[in-house]
Amino acid sequence: MALLLLSSTTFAQVASPVHGVEKLPAGVTRVTPSELRVDRDFITPGWLDKPAPQGEVDNNPPWLHVVVPILTGNEQAKSEKRARISSQKWNRRFYFKLSQDPQLQKSVMESGPKRWSFFNPYRKLAPGTWYWTYGVADAEAPDKPRWIGTTYSFRIRGDEFSGKIPPTPEVLLAAVKARKTGPLVTCSLDEVGNMLPTSEAPALAAQIKEDLEKSMGKGADGKIDDPLVEARMNVRLLRGYLMTGDTKYKDLAIKREIELERLHSARRNSKPKPTEPQGPAPGKPAAGEHQFLLVDAFYDDLPKNLQEKYLQAVYMPMCADEGVSPELHEYLEHALYDNHAWQGRFPGLLMGSIILCRHKPEMDDWVKYAYELFLYRCPAFSRTDGGSSEGNGYFGVHEEQMVHVPWVLYKLTGFNFYNEKPWFRNLGRFMTYSSPPGNPGISFEDAGDDGGTSVPYLTEIMSRMCPENDFNLWRNKTVGRRSPLHFAADLGKGAKAWDMFSVWKKFPAPDLSKVKLPVEKSAAFKDVGLVCMHTDLENASNNMMLNFRAGPYGSEGHTHPAQNAFTLAYGGEPLFWRTGYYNGGPEHNILSYKCSRAHNTIMADGLVQGFHQSAYAWIARFADGERISYTVGDASDAYNAKHHLFSIPYDPNKTGNKVELRRNYRIGTRENGFGDPGVTRFRRHMVMLRPHHVLIYDELEAKKPITWTFQLGARQEMKMLSDSSFATANGHGLGTAKLYCMASMKGSLTDKFMGEARDDENKRKGQNPPNWHGKMTTQEALPATRFLTVLSVAPGKSLEMKVPEPVATAGADGRTRIKVGDYLVSVELDPTKPSYLSANDIGGTCALVTGQAAQEILLGGNRRPAAKPGSTLLWETKTAKGEVFQEKTDELPDSLKFGNRYF
């Protein structure tokens, strides 16, 4: 029996057309029955731009969220503005009303006064339309809100995600207050002296004991050489006491801590030498992990003169400048994403507030704010797909907060947040496809080439707390636990390794003996705009890995301008890859690393993509079978001449204010590739034909005739075989690329960077090996063109070996026909005709058809018509699931489909 899988309903279908008129989000139009066009300033703005939610939602209950500027516009002088912010921030109050009554008179849920502008009713809402509004009360009259006078609405259909309702902030605070003594966030009082993992991990326990004794020896002479090393050693000793109950570790750590603080005080009271490291600055000391640990678990062991100092050391980094409100307040809840804030400042706020509220009652509201910020926004990498908008390169630095925060909250409330947040539910799936062990990582961002991180502690805690999730178990089985040596070393670097001792006691190890390889070989993560395709997830040595990015978050920070870019690896090593070096110097960074010139995408008229949140793309379709996998990305808005660092173009005669002048970089010229080429269409279709081929079909259009360049990079040597074909090899196999186009092409190859690479930080021991950059460019300027590029992998072949190129012939229908391995491919390369691409295996068991001209699919003498012309049709007859048929049309990103933007 055939398994029919139709595409998910679009927002327009969900929203129910009114009088036959399709309702689409602003800036979205329907081009054909199957294709949508997005033309907006942003898909995901960097700041909440309107009250949310409105319209359709996919979470029940959703959070109500508004942004109300503190400044009214009537303030003139800077002093007036500062005074207004100082008086109102954290001191004004927000009020919300929610009801199914449009007049908000009956059965109204009210928030009461809140210091922050987001609210959840903590109950599942009944299907139907819900109405809401809000008011704001100034600090001078916090019980007298001025209601906005506008009513907003959203609709509950009944099929939204609706997990268990988490504990309210009041429940959390009560649990904290109930623990009068002993540690709160480090461990539980009943765990002290019983945490050494002698049964669970005897080799690790032995390593810990060895390290503790070494630390005891180093600390015996009382000499402190490096305060940072000393602080980490103190953390090890203090935790040694908590694990074993042996007071010798605690006594030495406290003694050393007193001496460490004496040195810091001396440095604060003297002018440091230029080469002398400075201690915490007066008035706002930097809190270290040892200070958190001491205040939480050893407060009563500290001398009285250090108790208040360390309370302040924990308190001050959380504060805004005036020291009376959280620094993150009125910022992090509204911002789309801030990697450093979520990485360190947010967990510091929540854990610090929990620790301090036993000593400072005014911290109670800080606890509530930080907790609701966690419930609403954390971890903020994407909405629900488990993906990271920054890829996997910097993902590991967030492992600390993703382990420690949910675990501490679980121990205080008994609520399993990993199970009830869709993002965490999907994390195992994301890591399975984006970072399978032994394979290179996602390379569309900083530092992702080496596979990023395996997040082993997060992997293990989720497999124990959510063992019903097969992806969690698969990740745990394939990633494993760190070696005793590395695990023990991690005990001095945060809480992610430390927390495992508590986890092991409360949750048994899952049975991994029956865990099976995931059935699907590919996956799409549309929130972040990533598609990962594989031929063998289990064996890196046999895996052809294709990654593709079309990101609705745009590009900024660690995320590169790499829209509609791909990477191809085989045997666990890169073949066609991103080029350039992280920390390669400012000019290299701008021209040859954080630049679409460094990625396998299109240059239009010799110009690169914008490096900005507004330079977005999106995954329009995804279809997956055993033999064939497919996706299409739309990057038509990526070439907008915007850069988050500087204005384009550079103006040598620029005048204006300081901000405008600072953004007038000399590097931002057309000669360096910065400008607007007028691209109006860039749809890139990616097809994996297992086991050894990939098709790339580009639809390219512009406002005027321009040249079009297909870029191809490699970290190892590449050869130009002709003006339209290249080859490279990685020791495991030979990769070839052959481009077909109606227009004449001109190829080029260089191993030089446009911006020379440096190694100022000695990351590569002064070495910057060459990378290879291939280009295939139309010889004439064209208003539109089509490319079909065939990537092939020949296992075991070297660069010196020759493999036959696929031969193109003309079909009776005028389309180009190519035999690619065991597949017959037909493609429309004439840009004046509707686009079309098909692939059928010779054995008649699988087929794919896509493009504007797609009307039907033929397989083994049988025919299936398309429900909508121009859709993508995938049909396979011999799979583990039986017969599979999928029809896909364009589907918008969830951030456009739903009104609860941050979920």
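The model is predicted: local features need pLDDT of at least 70, side-chain atom pairs count only at pLDDT 80 or more, and totals for chains, interfaces and linings use all residues. Residues are numbered from 1 along each chain as its sequence is written, and side-chain values use heavy atoms, with hydrogens and water left out.

**Helix H9**

- Helices (H or I, at least four residues) and strands (E, at least two) are DSSP runs numbered from the N terminus.
- H9 is largely enclosed by the rest of the structure, because 14 of its 18 residues are buried (under 20% relative accessible area; exposed is over 50%, partly exposed in between; 1.4 Å probe, protein chains only).

**Largest cavity**

- The whole structure holds seven cavities of 30 Å³ or more, a cavity being a set of points on a 1 Å grid over the protein atoms alone where a 1.4 Å probe fits but cannot get out.
- The largest has about 520 Å³ of space; grid points are joined across faces, edges and corners, and the volume is the space filled by probe spheres set on the points.
- Its lining has 35 residues (an atom within 4 Å of a point), and Asn59, Leu375, Tyr376, Lys421 and Phe903 lie nearest the centre.
- Helix H10 (364-377) gives the most to this lining, with three residues.

**Backbone exceptions**

- Most residues other than glycine have a negative phi, and most peptide bonds are trans.
- The bond from Ala52 to Pro53 is cis, with omega near 10°, and so is the bond joining Arg690 and Pro691, with omega about 15°.
- Ala380 has phi near 70° and is buried at 6% relative accessibility.
- Val455 has phi of about 35° and is buried at 1%.

**Cysteines**

- Zero disulfides are found in the whole structure (pairs of cysteine sulfur atoms within 2.5 Å).
- Cys595 is buried at 2% relative accessibility, and Cys741 is buried at 18%.

Conventions: On a 1 Å grid over the protein atoms alone, a cavity is a set of points where a 1.4 Å probe fits but cannot get out, and a pocket is an open set with protein on both sides within 12 Å along at least five of seven lines; lining residues have an atom within 4 Å of a point.
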